[in-house]
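Trainee: Could we go through this structure together, starting with how the helices pack?
Mentor: Gladly, have a look at it first.

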Amino acid sequence: MERHIEIFLKRLSYVAILIGTVTFVFLLLKIPDTCVAPGSPPKPHLRFPKSSCDASPRLILPLHKKNKRLWSTKTWQNKVHSFSNFFRAFYQMGLLHNESKVLCASAGAGHEVMALTQLGVADVTGIELLESPPLVSRADPHNLPYFDNVFDLGFSAHFAEALFPNRFAAEMERTVKAGGVCVVVVDECGDEEIREIVDLFRNSRFLGALNVTLTGLRMTRIIMKVKRLP
Ligand SMILES: *[C@@H]1O[C@H](CO)[C@@H](O)[C@H](O)[C@H]1NC(C)=O
Ligand SMILES: *[C@@H]1O[C@H](CO)[C@@H](O)[C@H](O)[C@H]1NC(C)=O
């Protein structure tokens, strides 16, 4: 009786080994669907990086295509249009000319840079902590990589978000020429807040403030004229 069971179990294991081997050989011979026949062009999803140096993301859009896509969106165009209207007023006030050198600090993706360029200003510099070429290059608004007295107009629509408003203002004043203007746009505010902001620009004289609508938001535009150095 015991021997009977033993023989049965042995046969059972032979059968199991046989099934295992056949399956193994079958898997070995069968070409997986994802395999690429030699000589066929590689499919994009099958190109694996050879090393960590080769692991850059694929299907990245060339910059000009990415920009073309971004700049053709309605949102982008509306914002640029809004900035154009905003800056047109500066031509009328005699504070901006096509020959002016303009700095846009904390320019984000560069709407204002494009608006100024389209208006005909030849020399516009846009800077932001994160660059957006070709409109905006990388620089810290708290530590501008420019000489003193370079720009005719310094502008920022993001002054209120500055980490160190004191430093931001001082750098703008330093790089804008004596007689030039610093312009900041902040969320719509009253006289007290305006005075607080103007006080940060220690070497400038308050020229005027106006409530404006910019990119659909109610904002207050503050203009200051940089004093001549004593
Ligand atoms: C500035 O340049 C633009 C484009 O070249 C031109 O259309 C415009 O008339 C110029 N504006 C002034 C005030 O010269
Ligand atoms: C702008 O609007 C604010 C409140 O919305 C008001 O207090 C302020 O006087 C206005 N400023 C100007 C210059 O009109």
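Mentor: A crossing is left-handed if the near helix is turned anticlockwise from the far one by less than a right angle, and right-handed if clockwise; helices (H or I, at least four residues) and strands (E, at least two) are DSSP runs numbered from the N terminus. This is a predicted model, in which local features need pLDDT of at least 70 and side-chain atom pairs count only at pLDDT 80 or more, while totals for chains, interfaces and linings use all residues. Residues are numbered from 1 along each chain as its sequence is written, chains are lettered from A and ligands numbered from 1 in the order in which they are written, and side-chain values use heavy atoms, with hydrogens and water left out.
Trainee: Which hand is the crossing of α3 and α4, then?
Mentor: Right-handed, as α3 passes α4.
Trainee: And which residues of α3 and α4 meet there?
Mentor: From α3 they include W76, F83 and Y91, and from α4 they include M114 and L119, where contact means heavy atoms within 4.5 Å.
Trainee: Switching topic, what is around ligand 2?
Mentor: E188, C189, G190, A209 and N211 are around ligand 2, each with a heavy atom within 4 Å of it. An oxygen atom of ligand 2 is 2.6 Å from an N or O atom in the side chain of E188, and an oxygen atom of the ligand is 2.4 Å from one in the side chain of N211.
Trainee: What joins P133 and P134?
Mentor: A cis peptide bond, with omega about 5 degrees, and P134 lies in the loop between β2 (123-128) and β3 (136-138).

Technical notes:
Polar contact = N/O pair within 3.5 Å; in protein donor to acceptor, adjacent residues only side chain to side chain.
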